[in-house]
Amino acid sequence: MEQLTFEYNARKKVSRRAHVGVAGSGDLEILIEPCQELRAYVVIRTQSNGFGETWKAVLDRFFSIYDLAVSIEINDFGATPGVVSLRLAQAVEVLQS
C-alpha cells in the first residue's frame, strides 16, 4: 500500500463536504472537506504502487479546472485514471448542489 500527498494553490472556497464512490475492486472513495486557507491538500491511499506520476497528472488536470480550497482524501482500490476523473467530477457536483 502506498500513500501519496499533493498540494495545490486554490482560489475558490467551498462550504460543504462531499463523499462519492466506494473503495472496492477497481474503484475508489473520495472524501472532500472545506479548507480555510486558499490551498488544496490531497492524500491518496492506494493499493497500486508506483503510479505517483499518473496520480499527479490526473490531479494537475483537475485543479487546473477546479481551483477549490479543499482537503481531499482518496482511498483507491485500483481505479483507472478515467474512473478517478469521473469520481472527482461527481464530487464537484455534490459540492455545487
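1. Helix axes here are lines fitted to C-alpha atoms over the stretch in contact, and angles between them run from 0 to 180 degrees between N-to-C directions. The model is a predicted one. In it, helix 1 (residues 52–65) packs against helix 2 (residues 81–96) at about 35°, and their axes lie 10 Å apart. The crossing of the two helices is right-handed.

2. On the helix 1 side, the residues that meet helix 2 are Thr54, Trp55, Val58, Leu59 and Phe62. Helix 2 contributes Pro81, Val84, Ser85, Leu88 and Val92 to this contact. By class, eight residues of the contact are nonpolar, two are polar and none is charged.

3. Helix 2 also holds Arg87. Its relative accessible area is 16%, so Arg87 counts as buried, the cut-off being under 20%. Apart from neighbours within four places in sequence, Arg87 is in contact with Val20, Gly21, Asp27, Leu28 and Ile30.

4. The protein chain has two helices and six strands. Read from the N terminus, the order of elements is β-β-β-β-β-α-β-α. The radius of gyration is 12 Å, close to the 13 Å from the globule rule for 97 residues, so the chain is as compact as a globular protein of that length. Along the principal axes, the C-alpha atoms fill a box of roughly 30 × 25 × 20 Å.

5. Of the 97 residues in the protein chain, 40% are buried. The chain exposes about 5500 Å², with carbon and sulfur atoms supplying 50% of that area. Among contacts between residues at least 6 apart in sequence, 81% join residues at least 24 apart.

Key
Residues are numbered from 1 along each chain as its sequence is written. This is a predicted model: local features need pLDDT of at least 70, side-chain atom pairs count only at pLDDT 80 or more; totals for chains, interfaces and linings use all residues. Side-chain values use heavy atoms; hydrogens and water are left out. Helices (H or I, at least four residues) and strands (E, at least two) are DSSP runs, numbered from the N terminus. A crossing is left-handed if the near helix is turned anticlockwise from the far one by less than a right angle, and right-handed if clockwise. Contact means heavy atoms within 4.5 Å. Ala, Val, Leu, Ile, Met, Phe, Trp, Tyr, Cys and Pro count as nonpolar, Asp, Glu, Lys and Arg as charged, and the others, Gly among them, as polar. Buried means under 20% relative accessible area, exposed over 50%, partly exposed in between (1.4 Å probe, protein chains only). The radius of gyration is taken over C-alpha atoms; the globule rule is 2.2 Å times the number of residues to the power 0.38. Accessible areas come from the Shrake-Rupley method with a 1.4 Å probe; for residues, only the protein chains shown count as cover.
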